[in-house]
Each structure stands twice: as C-alpha cells, then as structure tokens.
Amino acid sequence: MARVVEVAGQSYEFPDDAPDEAVMAFVNKHAPKPATMLDVVKAIPSNVMNSMAKGTEGALSMMGDVGLVGRNPALVLLSQAGKRLEKPSVDAAEAAAKADTPQNMSTAQEIVLSGGSSVLSAIPDLLLGAGTAKAAQAAGASVKAALTAGANAGLTTMAAREGAGEYQAQLDAGRTSAQAIIPAGVQAAAEFLPEKYGATKLI
C-alpha cells in the first residue's frame, strides 16, 4: 500500500516501507518552499505595474468597443494602435508579476500583497487629488470644497483604472464586451463608493 505525504497542497507517494529519513529528504529537496514575508513585499512593485498595465489595456479595449457600438472608426483605429504599442509593456509587466509573486503564500501574506499593492497603486491618485485640491483652493474655493474636489478627482481615477482592469480581465477570460462591462462597473463602484463615503465623513 502506498504511503501518501501531502506538503503545501501537493501529494507525494512513497512505498509503504520507505524509511522516514528518505521520505523527509525527498520532500525537503523537491517540495515547494513556503513564501517568506520578504518575498511578498518584494513582489508588490511588479504587481502594481501589472495592475496599471492591465488598466491601460482595459481602457484601450473600452475605447475600441465604444467605437464599434457608436460606429466611430477613428476610435477603433486609435484603440488598436494603442494596444499594439502597449502590448510589449503589458506582456513584460505580466511576466514580471508572475515571476516575482511567490508561491504557497499564507492567507496573511496574500492580504499583505493585495493591501500593499493597493496602497502603492493609489499614490498617483493621491497626488492628483492633492493637486486638484490645491488648485481649487487657489481659485477661491473653501477648504471643504477644495478637499471634496481633490477626493473626487483621486477616487475617480482610481475607480476608472480598477474598472478598466477588470474589464480587460473579463475579456481575457473569454467574455464579450457586453458581459464584461457589468463586473467592470461593479468593481469600479466597489472602489469608489466606500472610499467616497469615508472621505466625505472625514471632510
């Protein structure tokens, strides 16, 4: 009867009379090693770049689909040209993220990777929001109105990017543009509304 040893979600079969020392030596040599927290932190930048590249690709895909529906050849051609130019960057970002993302992450490590990537990817949105708020105040808006304008600008770009990325992910999964737009809208709303509510409360 075979002896089954499971490590990190993978099963290994050994003869029933295999010595424990031999089994452990094989497992230690061939079984995938658990991810370290340092590996997870190192993977954050490439995951952010991949997310941003997917967002750009998704925005270009949306532009082309809008052009098809609206019978606007210029938008379709612009979308196709943009995607051709963007493809090397998208492929490189995806390959880098895949290579850098450690295997066998724990739930806590997956949360760190997701949360760290979200925080880092939001920096451009925060800078945009700060710039918008500063410009609004310089134009004579009240502090509250300026902060509200800044929050709206930053959250809008963040939600648009995440929605476009989800749209592209749905297309990559084989769904049509009509099918992809619904989860993309849900994703954008999930990014925008909770943080909009929270920002409004703070302001």
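Arg161 is buried, with a relative accessible area of 15%; buried here means under 20% relative accessible area, exposed over 50%, and partly exposed in between, with a 1.4 Å probe and protein chains only. This is a predicted model, in which local features need pLDDT of at least 70 and side-chain atom pairs count only at pLDDT 80 or more, while totals for chains, interfaces and linings use all residues. Residues are numbered from 1 along each chain as its sequence is written, and side-chain values use heavy atoms, with hydrogens and water left out.

Let me stay with Arg161. Arg161 forms a salt bridge with Asp125, and the closest N and O atoms are 2.9 Å apart. By salt bridge I mean a side-chain nitrogen of Lys or Arg within 4 Å of a carboxyl oxygen of Asp or Glu. Arg161 lies in helix α6 and Asp125 in helix α5 (residues 123-138), so this pair ties together parts that are 36 residues apart in sequence. Helices (H or I, at least four residues) and strands (E, at least two) are DSSP runs, numbered from the N terminus. Asp125, like Arg161, is buried. Arg161 also forms a salt bridge with Glu162, where the closest N and O atoms are 3.9 Å apart.

Glu162 leads on to helix α7. Helix α7 spans residues 177-202 and contains Glu191. Not counting residues up to four places away in sequence, Glu191 touches Met158, Ala159 and Glu162; contact means heavy atoms within 4.5 Å. Glu191 and Met158 are 33 residues apart along the chain, and their C-alpha atoms are separated by 7.4 Å.

I turn next to the other salt bridges. The structure holds six of them. One of these pairs Lys54 with Asp172, with 3.1 Å between the closest N and O atoms. Because Lys54 lies in helix α2 and Asp172 in helix α6 (residues 143-172), the pair ties together parts that are 118 residues apart in sequence. Are these two partners buried or exposed? Lys54 counts as buried, at 17% relative accessibility, whereas Asp172 is partly exposed, with a relative accessible area of 46%. In general, side chains of opposite charge can pair when their charged atoms come close.

Glu57 is also found in helix α2, which covers residues 37-69. Its relative accessibility is 15%, so Glu57 counts as buried. Leaving aside neighbours within four places in sequence, Glu57 is in contact with Lys83, Val90 and Gln168.

Finally, the chain as a whole. The protein chain has seven helices and two strands, and along the sequence they follow the pattern β-β-α-α-α-α-α-α-α. Its radius of gyration is 23 Å, well over the 17 Å that the globule rule gives for 203 residues, so the chain is more spread out than a compact globule. That radius is taken over C-alpha atoms, and the globule rule is 2.2 Å times the number of residues to the power 0.38. The C-alpha atoms fill a box of roughly 80 × 45 × 25 Å, taken along the principal axes. Buried residues make up 30% of the 203 residues in the chain. Among contacts between residues at least 6 apart in sequence, 62% join residues at least 24 apart.
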